[in-house]
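Hi there,

Here is the structure I promised to pass on to you. Please have a look at it first, and then read my notes below.

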Amino acid sequence: MRICIIAEGCYPYVVGGVSSWIHSMICSFPKQEFVIQTIVADRSLRGKYVYELPPNVTEVHEVYLNDSDWGRKRMRKHRMNKKEYQALRSLLLGQKIEWEILFDYFRKHQVSLNGMLMGKDFLDAVTELYQLNYSQVVFTDFLWMMRSIYLPLFTVLQAELPKADLYHCICTGYAGVLGSMAKYFHGGRMLISEHGIYTREREEELIMAKWVKDIYQNIWIEQFYKMSSLAYERADMVTSLYEHARELQVELGCPIEKTMIVPNGIRVEDFQNLPGKTEEDQGKINIGAVLRVTPVKDVMTLLQAFGFAKEREPSLKLWIMGSWEEDAEYAEECFGLVRTMGIPDVEFTGNVNMREYYGRMDMTVLTSISEGQPLVILESFSAQKPVIATNVGNCRGLILGEYDDYGAAGMITRIMNVEEIAYAMTALARNEEMRIQMGKNGYQRVLSRYQLSHLQDAYKKIYKDFAESMQLAWEEEGQKAAEEKPQPDADSGRN
Amino acid sequence: MAGVGVKLNRIFEKKSIAADLVGFVYSVVITIAPMIVIIANILLIGWKLGFNEEAYLTRELFSCTILYTFIFALLVVAPFNAVLSKYMQDAIYAERYEDILPCYYVGLLMTVVLGCLIGIPFCLWEHFVGGVEVYYVFTGFCAYISMILVFYSMVYLSICKDYERISIFFLIGMAGAFILAWVLKYRCGWNTDYSMLFALTSGFLLIGILEFAAVKRYFARNSNRFLPVLKYFVKWWPLVVTNFFYILGLYIHNFVFWTSESRMVVVKSFVCNQPYDMATCLAMFTNISATVIFITHVEMHFHEKYKIYSEAVIGGKKSDIESAKRRMFRQLGSELMNLMRVQFIISVVIYLLCIVVLPQFGFAGSVMQIYPCLAAGYFILFLMYAAILFLYYYNDLTGAILTTLSFCGVTFVCSLFSMQLTEIWYGMGVVLGSFTGWTVAYIRLRWVERHLDTHIFCQGMLLKQEFAPRPSGLVYRLQTEENKEYKKSGIIK
């Protein structure tokens with residue numbers, strides 16, 4: 001079976017949880033042919049992969065959200081016919097969007113994006129929307145904001161897509177649009193595997209964003225809702241990592257019969273027989289934070305909480321393991337905070353081999369403001385370490401247990417709550433017995449439900465069912481299907 | 001013309017025929033004072049030096065040299081001036097005053113080169129075929145180049161709204177020419193015609209130098225950025241075309257009549273049709289005030305409405321934009337009607353004066369037969385020019401090209417036909433050409449009104465344009481025997 005993975009801004013360009021998941025999925029099915037359709041920011045990223053592509057990846061296709069307007073002739077202002085205009089209007093107004101007509105329009109007419117967005121049809125449709133709902137705002141600002149909102153979508157609609165039997169989108173959003181479009185043009189099936197809930201994540205980002213305010217935030221959010229609705233409507237199956245995510249998908253318009261929960265899984269055996277504490281660690285309680293130093297991980301709160309906890313429990317030491325190149329400015333702020341507050345025993349290691357460090361930790365911590373089902377918690381459980389995590393995504397379910405009664409495997413705090421995080425650090429540091437018990441609980445939990453083999457089995461069944469529904473031959477994978485070469489995500493910072 | 005505009009508006013606000021006439025006198029003095037000074041000076045020198053006692057051929061050669069100097073200097077300067085003015089206005093708006101001197105030099109070089117390309121072959125012809133002495137031909141050529149410098153530099157000073165200074169330079173230049181002509185004739189013993197030609201050439205050169213000095217004084221700093229000026233010509237080429245056809249249209253009917261049987265050929269080089277040329281000159285002076293009246297009026301009233309509309313576009317609701325647009329176009333219509341009303345009164349009065357007074361000064365016969373029709377033609381022509389200025393306001397260069405092209409084309413074709421008619425209908429070419437041009441401009445203005453939203457909101461580009469097919473999104477393909485070709489072509493890594 002030829003499977004096209006459609007990913008947005010992750011694999012194979014950056015290390016992270018989702019990238020790692022995709023890579024292990026591809027490696028898990030070496031007898032299936034994979035094609036990767038990626039959505040990246042611009043052409044500067046062309047071919048810059050941080051993963052070595054497995055041999056069953058036969059092609060990589062890229063779409064750039066920030067691209068030039070290509071065409072042999074000067075800007076062509078192609079006018080739409082009545083049906084096409086109605087489709088554009090329906091898209092802008094969000095009323096029964098006629099996506100097929102839009103797909104055809106962008107495919108058949110070799111539309112110039114300059115011509116389209118600077119053209120009369122777009123102006124008329126925007127004016128109509130403005131008169132209906134936003135007649136009290138500055139028109140020019142409104143028009144330009146609409147252009148900037150629709151530019152990436154129209155760029156995506158122009159993409160040439162590879163042919164495949166199954167289009168496996170790793171999120172909704174632009175990937176969902178590409179998947180829907182590919183299914184429309186080439187047939188086949190469409191599967192969405194959401195790690196976080198894309199629409200909600202974008203919504204959270206937009207609410208916090210400084211560059212967009214008031215009604216424009218709502219318009220942007222509506223835009224993401226439209227794209228998600230399309231993806232949910234066209235998909236044959238939609239998987240999520242945990243129950244609450246599934247509920248959100250249904251709330252966002254995904255038919256419940258299409259949904260399915262497939263939790264994350266990791267190779268537990270990789271975290272066995274880890275090297276333990278060193279001489280350096282004597283008398284120290286090590287807290288590990290495996291993360292990229294970025295705002296979404298809220299490292300500032302982590303540092304402040306650690307500062308307070310350290311005052312109460314001087315034996316604490318914080319290890320921040322992960323890269324800081326992604327947002328150097330934020331990282332610099334974090335380093336500055338450590339200096340200003342004079343917090344001792346904070347170590348920024350950068351990217352390291354986590355297998356050398358997990359054994360030395362007494363607990364791990366994750367203070368993110370947004371997560372799905374973090375692999376770092378599962379890794380920590382595999383290493384029998386308790387986890388302190390904010391109540392985002394499936395962290396509560398993982399730590400307190402949803403489907404078992406093994407007991408708590410760490411502590412849950414509210415997001416950005418310095419006091420609660422500091423308290424949890426102190427509490428765990430002062431109670432070794434509890435730490436050990438929680439570590440064991442976590443280990444039992446990961447063994448029972450979150451192993452890579454579980455994930456592979458679930459997707460094997462899904463893929464196989466799709467193959468059978470299309471009367472395609474399904475070749476069984478060998479015993480060592482899941483083995484893969486060490487990749488960048490074997491190190492820290494995947495989260 | 002802000003200062004001029006305020007004064008003129010005070011006059012026109014009285015809304016009486018007398019006020020219109022006073023306004024006319026004022027605007028004529030402002031616009032054509034330099035021309036009047038030159039013409040008056042030529043007449044004065046001619047009278048003082050006894051030019052009428054010269055042989056007929058000598059007189060005609062001198063007249064034709066001066067006529068050609070004027071017409072072709074204007075024609076040469078016209079195409080580039082619009083773009084250079086645009087560049088200069090943009091530089092002033094952006095306070096890049098140091099960019100104006102490079103613009104002046106580039107424009108001057110281009111204009112002089114074009115002038116030489118036309119002038120030198122003609123001068124060679126005049127000497128070798130017409131048999132005119134080298135010194136005379138060369139002096140005529142110098143007068144022509146000096147006149148190019150004068151007209152060219154005038155644009156720069158006009159933009160600085162320094163009309164008084166321009167008039168003073170003309171006065172100084174012509175006073176100098178008058179004295180020099182007298183000295184050459186009576187102290188050095190030169191021929192009358194050559195004394196006059198040499199003195200006028202020196203006068204023109206003096207005016208040009210004074211203007212150049214004034215430009216250099218205004219814009220002392222020089223950024224030496226010459227390339228952006230040339231790039232403006234690429235970007236604003238329609239302005240070159242528009243201006244060229246407008247000026248060509250102004251004279252093309254003369255060129256047509258220079259081929260008629262009543263034409264006169266001097267020294268096998270200069271061709272002219274005196275009655276027709278004289279009637280053209282009178283018709284132009286009858287209506288010339290329209291340009292100033294219009295520009296000043298527009299600056300005072302329409303510009304205000306245009307500004308309100310622009311502000312609404314930048315920061316207003318759609319309803320504000322729509323109402324500002326309605327008001328602006330109402331004002332536009334009223335400006336055109338107002339111009340027609342004022343100019344009509346002025347033209348009628350001057351026309352009657354010409355009909356009554358001129359025959360007593362020897363203007364009669366053919367000239368006065370041709371004049372009425374041409375006066376009507378020029379009346380429409382200047383209304384057309386007003387419409388073109390409105391098209392410029394909306395940046396509708398296509399409309400401006402269509403207008404001037406149709407004006408020039410129809411004037412040319414219809415003049416060929418009107419040449420066959422009786423004298424009284426000779427000017428029909430100009431009437432029909434101007435009317436066609438005006439109609440095109442008016443239709444185009446209405447079109448702009450209907451499509452203004454598209455015109456305003458759909459200009460420019462959002463993304464960088466690449467003139468190539470979209471590169472394939474395929475960036476990697478597993479290396480197998482079949483896809484070696486892909487690798488060779490660089491599609492895959």
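Predicted model: local features only at pLDDT ≥ 70, side-chain atom pairs only at ≥ 80, totals over all residues.

**How the two chains meet**

Across the interface of chain B and chain A, the rule finds two salt bridges (a side-chain nitrogen of Lys or Arg within 4 Å of a carboxyl oxygen of Asp or Glu). A:Asp67 forms a salt bridge with B:Arg470, and their closest N and O atoms are 3.7 Å apart.

Residues are numbered from 1 along each chain as its sequence is written, chains are lettered from A and ligands numbered from 1 in the order in which they are written, and side-chain values use heavy atoms, with hydrogens and water left out.

In total, 33 residues of chain B are in contact with 44 residues of chain A (heavy atoms within 4.5 Å). The area buried between the chains is about 3,500 Å², with 58% given by carbon and sulfur atoms; this is the accessible area (1.4 Å probe) that two parts lose on being put together, summed over both. On the chain B side, B:Leu462, B:Leu463 and B:Arg470 lose the most area to chain A, together 20% of what that side buries.

Strands meet here too. Three bridges join β3 (residues 57–64) of chain A to β4(B), and the two run antiparallel; strands pair if DSSP finds at least two bridges between them. B:Leu474 in β4(B) is the bridge partner of A:His61.

**Chain A itself**

Chain A has 17 helices and 14 strands (DSSP runs numbered from the N terminus: helices are H or I, at least four residues, and strands are E, at least two). Its C-alpha trace spans about 75 × 55 × 40 Å along the principal axes.

Two loops are worth a look. The peptide bond from A:Tyr11 to A:Pro12 is cis, with omega near -5 degrees, and A:Pro12 sits in the loop between β1 (2–8) and α1 (17–28). A:Asn273 is not a glycine, yet has a positive phi of about 50 degrees; A:Asn273 lies between β8 (259–261) and β9 (285–290).

Best wishes
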